[in-house]
Amino acid sequence: MNDKVRKPSAEPLLWEMGARGRLAFSLPERDVPEHPLDPALAGEGPDFPDLSEPEIVRHYTRLSQWNMAVDTTMYPLGSCTMKYNPKTNDRQAALPGIAGAHPLLPPPLSQGLLRLMFELEQFLAAITGLPAVTLQPAAGAQGELTGMLIFHAYHGDQGRRRTKILIPDTAHGTNPASATLCGFTAVAVPSGPDGILEPEAVARRMDADTAGIMVTNPNTLGLFESHIREVADIVHAKGGLVYADGANMNAVMGQVDMGAMGVDVLHLNLHKTFSTPHGGGGPGAGPVCVSAALAPYLPVPRVVLTADGFTWSDDFPRTIGRLHAFYGNFGILVRAYSYILSLGADLTRISPLAVLNANYIRAGLRNHYHLPYDRPCMHECVFSDKHQQAHKVTALDIAKRLIDFGFHPPTIYFPLVVPGALMIEPTETETKETLDRFIAAMQAIAAEAVEDPERLRQAPLHAHRRRLDEVQAARKPCLTG
Amino acid sequence: MKDIEELQFPDDVRYSKDHEWARPEGDLFVVGISDYAQDQLGDIVFVELPETGRELQQNEEFGSVESVKAVSELFAPLAGTVMEVNGALDDAPEKVNQEPYSDGWMMKIKPADKADFEALMDRDAYLAMLKG
């Protein structure tokens, strides 16, 4: 019997299961006459596995049970804001009138949906202090590209093409990529010794050929850019614009007025700050908020309110154009709208709790892990593996060992300015009890690094899969079934 | 990850502060990254090298290496013209990890000024910087 016992960690591939001719789906009866197919269009069919419905359901259910998700454990993946996604959001998005709406319905038959988008824009404007909003961009990086296209269009209207963008070394990696995609040359600005931007470093690089600066505030070290207003004034004085990457908005939501901080363009990640599902490349949303002066450049079509109700308008001659088929990832917009309305005034309590949780972890681990910038952090804290390197234990080993303790690993080797970085973002979701368990696990791992480093190098010991061969996966990726 | 004592630092090459090395070969200089650099990067999965004929300034970015950790830029240890690149790294980037000073070489450049080479660090100076 023993050889028939399936090891809990063995799961066959779909192609290793099933039998020829087995089906999980019955095609509906044909209601059109049969018609011969042009033989030129026919050929070998694709190699689909032949499976029954229960085989498929069990396969994916088993795999899902091996997974780590925000519904099963704390997920402190720094820079990603993996907060809990409230189930009420999904209930609202699944309402038949919303889930079944066709994107080609004319505006008179879509008043509720248009109102939702119009109001969500107003909510985001109120939250950020920037008065005009587009919901079209599908993700943060597309929001950045939107911002760069707006920079380009604005400077074109000023009669001067500008070719450079300043980007601090603590920015998100997508910032220089978005600027480069738009044709700008990214100019790196080194952060100062305390991990934040120094106004003089910006002033030395800002000139009449520079379109502006892209800042992430708080930055990727989890530190607030306390000179941001001065930096913005330097950039504005030379005719430039200020872009803020709102990926770290969970640190300051409802606490700062981005307009007053001197920001001209900001993107938000609804799939981070506003609790919509996130990860695995699923749909995101990266709305862009701009100052009144830049509102004419926003993508079209835009939702407008007329005497006859809500409708679409393309009548914005200075627009940068369209960025997405239809109007963005609408189902995600519904979830963010639901999150904002269900929290109401409590929305302003989110960031203080997220910041408190990160500082609680920072304080709990500062005697066990090296803190490259030892000052109060915002919504995430960055440690390094410097102390553990003496025992030849790396950030990767620590992250893998955390899986054995039942936690999703933090972000590692980012930000790049910290060698061996461990970037921990607990979000406001976690209770003190969970944070204490996480801190205890990290402390236990730090002790193991001294006493039994080999155990860490072998981790995870108790997961369904041990160390995956990341090198082989990157060098020779297998992209088919 | 290794201790500095376990890494190789041959004395027939000179080193830059960005952890590239250069070795004279006829009128040209062969360029690669040091054993320390490859050890820090971890397993390398892709090496991006310049076009031959490209003119490089000293310390100019000439390509990048992608490891399982991150993408890192490569900086030219001396100014000159790219005469040849190591195409074998396209299919076997692991050579940089295995043989950083021989099969893992990256490019050969014709120097603009051979004095650039003399200004690079010798083995002892590079080791002193690493231990700094």
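Please keep in mind that the model is predicted. Chain A has 481 residues, of which 42% count as buried, and its domain assignment gives three entries: domain 1, domain 2 and domain 3.

**Overall build of chain A**

- In terms of secondary structure, chain A comes to 15 helices and 12 strands.
- The radius of gyration of chain A is 25 Å, close to the 23 Å from the globule rule for 481 residues, so the chain is as compact as a globular protein of that length.
- Among contacts in chain A between residues at least 6 apart in sequence, 71% link residues that are at least 24 apart.

**Domains and a record entry**

- Domain 1 of chain A covers 2-66, domain 2 covers 89-345 and domain 3 covers 349-475.
- The centres of domain 1 and domain 3 of chain A, taken over C-alpha atoms, are separated by 40 Å.
- An unreviewed UniProt entry places the feature "domain: Aminotransferase class V" at residues 159-279 of chain A.
- That span, residues 159-279 of chain A, is 21% helix and 22% strand, and its end C-alpha atoms lie 41 Å apart.

- Strands of a sheet pair through backbone hydrogen bonds, in either a parallel or an antiparallel way.
- In chain A, 3 strands form an open sheet in the order E10-E12-E11, with antiparallel pairing.
- Strand E10 (381-384) and strand E11 (411-412) of chain A are the edge strands, each pairing on one side only.
- Strand E10 of chain A is joined by 4 bridges to strand E12 (residues 421-424) of chain A, and the two run antiparallel.
- Looking across to E12 of chain A, A:Val382 stands opposite A:Met423, while A:Phe383 stands opposite A:Leu422.
- Both faces of E10 in chain A are covered: A:Cys381 and A:Phe383 are buried on one side, and A:Val382 and A:Ser384 are buried on the other.

**Where chain B meets chain A**

- On the chain B side, 7 residues are in contact with 9 residues of chain A.
- The residues of chain B that touch chain A divide into 5 nonpolar and 2 charged, with no polar ones.

Conventions:
Residues are numbered from 1 along each chain as its sequence is written. Chains are lettered from A and ligands numbered from 1 in the order in which they are written. This is a predicted model: local features need pLDDT of at least 70, side-chain atom pairs count only at pLDDT 80 or more; totals for chains, interfaces and linings use all residues. Two residues are in contact if their C-beta atoms, placed from the backbone, lie within 7 Å. Ala, Val, Leu, Ile, Met, Phe, Trp, Tyr, Cys and Pro count as nonpolar, Asp, Glu, Lys and Arg as charged, and the others, Gly among them, as polar. Two strands pair if DSSP finds at least two bridges between them. Domain bounds come from an automatic or database domain assignment. UniProt positions are given in the numbering used here, feature names are shortened, and annotations may be inferred rather than shown by experiment. A residue is buried if 20 or more other C-beta atoms lie within 10 Å of its own, exposed if 12 or fewer, and partly exposed in between; C-beta atoms are placed from the backbone. The radius of gyration is taken over C-alpha atoms; the globule rule is 2.2 Å times the number of residues to the power 0.38.
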